[in-house]
Amino acid sequence: MKIDKAGSAKPPAGDFVLFKLKDESIDDTEFALLYDLNSSENLEFPYWKYGCLDLDSMTEFEHKAEFRFFKNNIYLMGEVLDIPDTMKCPNGVLVDGMEALSVLLKPFAYPCRFADMVA
């Protein structure tokens with residue numbers, strides 16, 4: 001189920017197409033076309049299986065591997081760049097400034113794939 005901005009759950013369009021196929025309102029060809037049109041091209045990453053980002057519990061070497069900088073250097077970078085303690089994202093979520101800086105630095109730690117950003 002997808003949740004829209006108002007907070008109400010909407011069933012995926014693919015479910016509606018399957019219902020119409022079962023109801024015999026559409027044939028197999030129409031089903032194939034409609035299902036492809038309403039399928040998401042985005043990969044489904046199980047983000048709910050991963051814990052929250054806890055920078056303080058990570059070791060210096062984990063910081064170096066994940067973000068390309070040691071822990072004390074990330075905090076120093078935050079001070080030099082004047083990163084605020086909390087930041088408000090465009091969707092309204094408040095995040096810790098160091099967490100936001102770490103998310104910004106993560107793609108620069110080679111190699112970094114999109115799937116690595118979820119974990």
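Tutor: A nonpolar core is a set of buried Ala, Val, Leu, Ile, Met, Phe, Trp, Tyr and Cys residues joined through side-chain atoms within 4.5 Å, where buried means under 20% relative accessible area and exposed over 50%, with partly exposed in between (1.4 Å probe, protein chains only). Here the largest one has eight residues, namely Leu-55, Met-58, Phe-67, Ile-74, Met-77, Met-98, Leu-101 and Leu-105. Helices H4 (71–80) and H5 (97–105) each supply at least two residues of this core, helices being DSSP runs (H or I, at least four residues) numbered from the N terminus. This is a predicted model, in which local features need pLDDT of at least 70 and side-chain atom pairs count only at pLDDT 80 or more, while totals for chains, interfaces and linings use all residues. Residues are numbered from 1 along each chain as its sequence is written, and side-chain values use heavy atoms, leaving out hydrogens and water.

Student: At what angle do H4 and H5 pack?
Tutor: Two packed helices are described by the angle between their axes and the distance between the axes. For H4 and H5 the angle is about 110° and the axes lie 10 Å apart (lines fitted to C-alpha atoms over the stretch in contact, with angles from 0 to 180 degrees between N-to-C directions). The two helices are therefore roughly perpendicular, a term for angles of 65 to 115 degrees.

Student: Which residues of H4 are buried?
Tutor: Lys-71, Ile-74, Met-77 and Gly-78 are buried, whereas Glu-79 and Val-80, on the other side of H4, are exposed.

Key:
Angles under 35 degrees count as roughly parallel, over 145 as roughly antiparallel, 65 to 115 as roughly perpendicular and the rest as oblique.
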